[in-house]
Each structure stands twice: as structure tokens, then as C-alpha cells.
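Colleague: Please take me through this chain, starting with side chains and their pairings and moving on to the overall picture.

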Amino acid sequence: MKKRWWPNPNANVDVDKLPELTSGTAFLPWLMLTAGSVADLVRGEVSRPWLGGAGLLAFVTLYVVVAYRAFDPRRANRTTLILLAAQAAVTYPLALTYGGSWIQLFMPLALACGAVLRGQHLIMALIVLGGSAGVISGERDHDPLAAMINGYGTFISGLVTAAIIGLAATTAELRRTREELARSAVDQERLRFARDLHDLLGHSMSVIVVKAEAVRRLMDRNPAQALAQASDIETVGRQALTEIREAVSGYRESNLAAELERGRSALTTAGVTQDVQLTGPPLPPDVETVLGWVVREATTNIIRHSDATQVEIVLRHDPERIRLEITDNGTNSPPHRPYDQPAATSGNGLKGLAERLAEAGGTLVAQAGPRGGFQVVAELSNGA
């Protein structure tokens with residue numbers, strides 16, 4: 001398709017958001033450049049005034065129509081270009097016939113060109129119009145200074161108009177981009193809050209349910225242990241409230257050691273033994289935060305879904321990779337599924353973990369364990 005070079009300078013711009021300076025109405029005051037021609041007609045200083053009056057009326061009408069059409073995306077089309085050409089066709093005979101102040105009609109014509117044309121076509125049109133204004137002024141009035149003023153004024157009028165319209169379009173585009181970024185930030189914050197709330201409440205409620213079941217079982221045969229479990233329920237509930245407040249404020253960070261301790265307590269209450277193997281130097285704080293969320297989600301799933309009796313947590317930290325494996329011997333044995341493409345996952349918990357790992361440059365894999373059960377593997381580069 002041939003590239004279009006005529007109107008619609010703001011085809012991708014929300015016209016309602018353009019500054020008033022770049023509306024069709026803003027071009028109307030420039031009709032004051034026709035004041036000299038009107039004065040000549042009123043004073044009767046031109047021959048065949050009826051012809052001059054008709055030509056001036058046609059010029060003004062075409063100017064107004066072109067100015068408004070240039071800023072209406074529904075009407076900025078080839079017809080606008082034809083009307084602009086008609087305006088030029090009226091301007092030349094009037095300037096050639098009457099000279100003097102009538103030559104200033106080239107300036108409104110240049111303004112209309114600046115609103116309609118773009119690129120090299122605008123520059124070519126302004127060169128022609130500016131040159132014509134200068135030449136006609138020099139031939140008719142024999143005044144080099146007036147010729148220079150008319151030529152330069154015509155050229156610069158169209159150029160400044162196009163620059164202002166371009167600046168307004170850029171401003172509108174920046175405004176839309178800023179609004180889009182603001183909406184994206186809100187969406188990201190909603191996602192963060194939903195993810196944190198799921199992880200926090202899922203783990204805490206699972207622990208409370210397990211300990212409440214322990215209280216029920218121990219109430220008759222061991223009231224002291226039942227009381228201890230009830231006290232733990234109160235502690236977990238208070239901790240959950242604190243974590244939710246921190247999540248709402250956006251300041252909560254998970255700690256791997258703390259999450260391992262919480263997981264140990266919850267798993268022990270649920271009757272799940274643990275084998276924890278941690279190797280390597282201390283981890284960076286941001287890596288600890290991500291892996292802390294992995295431990296929290298994995299232990300929550302083990303308590304709620306796996307019916308496991310044993311879990312193995314292995315952390316390997318070498319110069320290149322950090323790898324965390326959490327394997328249980330439960331009854332769930334899903335097929336191997338990489339979670340590095342969160343949109344394809346099911347389950348908000350593992351999906352949230354995959355997003356956290358992806359943001360940190362890592363990957364998450366949920367798969368059947370090597371000896372049955374379920375395994376979660378999180379990997380991060382050592383530079384994360």
C-alpha cells in the first residue's frame with residue numbers, strides 16, 4: 001500500500017486530549033491576516049471589488065473548513081487535501097491581481113499546510129509558497145524588504161504550526177504511556193498482594209487446621225500436649241496477622257531459616273519427619289527471600305495434600321547454581337511439569353512461586369519424586 005502523506009497528523013492521538021492550541025478553533029484568530037484585504041475592499045481601493053470580495057470569502061471559507069477537518073480523524077482524508085489545493089488556487093490569483101496586503105493570504109495558507117501536510121511534502125509546499133509570496137511581493141510592490149518578510153513569514157508560519165502539532169501529538173502519546181504504566185503498576189501490585197496473601201494464608205491456615213486436629217486428638221488422653229498445641233494455634237494466628245499487615249504494607253520479606261523453622265514445626269505436628277541438608281556458603285538476602293517462599297509453599301502443600309510421612313529438603317550452593325529440592329513420599333505423583341511458563345500452570349501456589357522465581361532469573365519444576373511422592377525443584381543462578 002502506498003504511504004499516505006496528507007492529513008490526519010494526529011491519527012494515533014486522542015483528539016480530546018490535544019491542547020487547545022492544536023484545535024481547529026485555535027486557527028481562526030489567524031484570519032486577522034486578511035484584515036488588510038478587507039480594508040482594501042471597504043475603502044474601494046481595488047478594481048472589480050465584487051470579484052475580490054468573492055475570492056476573499058472563498059478563501060476564508062476554505063481555510064476554516066480545512067482547519068477543522070485537519071483535526072478530525074474521521075474527516076482528515078483526500079478530500080481535505082483537495083480543499084487545501086482549492087485554497088491555494090484561490091490565493092494565487094488574488095495575490096497576483098491585487099498585491100500589497102493580499103499577499104499576506106499566503107501566511108494562512110501556509111498555516112493550513114502545516115496542519116495538513118507532513119514530512120518532505122510539507123517542506124516542499126512551504127518552499128513553494130514562501131518563494132511565491134516573496135517573488136510576487138517583489139514584482140508587485142518593488143520592495144525587497146517586504147518581499148523578504150512575506151516569503152520568510154509564509155515559510156516559518158507553516159513550519160512552526162507543524163512543530164507545535166507534532167509536539168502536542170508527542171505529549172498526548174507520553175500521557176497515554178504514563179497512564180498505561182500506572183495501570184500496569186496497579187496490576188502488578190494487585191498480583192503481588194494476591195500472591196502474598198495466598199501464600200501467607202494458605203500456610204498459616206494449614207498449620208492451624210493441623211494443630212486444631214492435634215488438639216482434638218490429644219484432648220482426652222494428654223491434656224497438657226493439647227494445651228501446648230492450642231497455644232501454638234494462638235501463636236500461629238498472631239504471626240499470620242502480623243505477616244498479613246506487613247504484606248499489605250509491602251514490606252514483608254521471607255527468610256529461609258525462619259521458613260524452615262516454621263515448616264519444621266508444622267510438619268512435626270502433622271506427623272511428618274524431616275531430613276534437612278544445607279550446604280554451601282550463606283545466601284544473598286534476595287535469594288533467601290525467594291527460597292523462603294518455596295519452602296513455605298512446598299510444606300503447605302505437603303501438609304494439605306500429600307499424606308506424606310517423610311520429607312527431604314536439600315539445598316546445594318555451588319559457584320554457579322543454587323538448587324533447592326523438596327521431596328516427599330506422599331501419594332501425589334504428578335507428571336513432570338516445568339513451571340517456568342506461569343501462564344500454563346494450574347494452582348495459584350505453584351504459579352505464584354514460578355512467577356517469583358522467574359522475576360529472580362530462576363526456574364521452578366514440580367515433578368514426581370525419584371522414589372514416588374512429589375518433588376519441587378527451584379534453581380537460581382549464583383549471581384541472582
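This is a predicted model: local features need pLDDT of at least 70, side-chain atom pairs count only at pLDDT 80 or more; totals for chains, interfaces and linings use all residues.

Colleague: What is the relative accessible area of Arg-176?

Modeller: Residues are numbered from 1 along each chain as its sequence is written, and side-chain values use heavy atoms, leaving out hydrogens and water. Buried means under 20% relative accessible area, exposed over 50% and partly exposed in between, with a 1.4 Å probe and protein chains only. Arg-176 is partly exposed because its value is 25%.

Colleague: With which residue does Arg-176 form a salt bridge?

Modeller: A salt bridge here is a side-chain nitrogen of Lys or Arg within 4 Å of a carboxyl oxygen of Asp or Glu, and in this case the closest N and O atoms are 2.1 Å apart. Both residues lie in helix 6 (residues 144-218), three places apart, about one turn of the helix; helices (H or I, at least four residues) and strands (E, at least two) are DSSP runs numbered from the N terminus. An α-helix has 3.6 residues a turn, so residues three or four places apart point the same way. The partner, which is partly exposed at 37% relative accessibility, is Glu-173.

Colleague: How many residues apart in sequence are the parts that Glu-379 and Arg-321 tie together?

Modeller: Glu-379 forms a salt bridge with Arg-321, their closest N and O atoms being 3.5 Å apart. Glu-379 is in strand 6 (residues 374-381) and Arg-321 in strand 3, so the pair links parts whose separation along the sequence is 58 residues.

Colleague: Which residues does the network of salt bridges that includes Glu-379 and Arg-321 join?

Modeller: Glu-379 is partly exposed at 22%, and Arg-321 likewise counts as partly exposed, at 29%. Another pair is Arg-316 with Glu-325, at 3.4 Å between closest N and O atoms; Arg-316 is partly exposed at 42%, whereas Glu-325 is buried at 14%. Through shared partners, salt bridges join into one network Arg-316, Arg-321, Arg-323, Glu-325 and Glu-379.

Colleague: How far apart are the end C-alpha atoms of helix 3?

Modeller: The expected span of a helix is 1.5 Å times one less than its number of residues. Helix 3 (residues 78-98) has 21 residues and should therefore span 30 Å, which agrees with the separation in the model, 31 Å.

Colleague: Which helices are included in what covers the buried residues of helix 3?

Modeller: The buried residues of helix 3 include Leu-81, Leu-84, Val-90 and Leu-94. Contact means heavy atoms within 4.5 Å, and the cover includes helix 2 (49-70), helix 4 (106-116) and helix 5 (119-141).

Colleague: Which element of the chain has the lowest mean pLDDT?

Modeller: The chain as a whole has a mean pLDDT of 79, with 82% of its residues reaching 70 or more. Among its elements, strand 3 (residues 321-328) has the highest mean, 91, while the lowest, 44, belongs to strand 4 (residues 337-338).

Colleague: What share of the 384 residues of the chain counts as buried?

Modeller: The secondary structure comes to 10 helices and six strands. Among contacts between residues at least 6 apart in sequence, 72% join residues at least 24 apart. The share of residues that count as buried is 44%.

Technical notes. pLDDT is the predictor's confidence in each residue, from 0 to 100.
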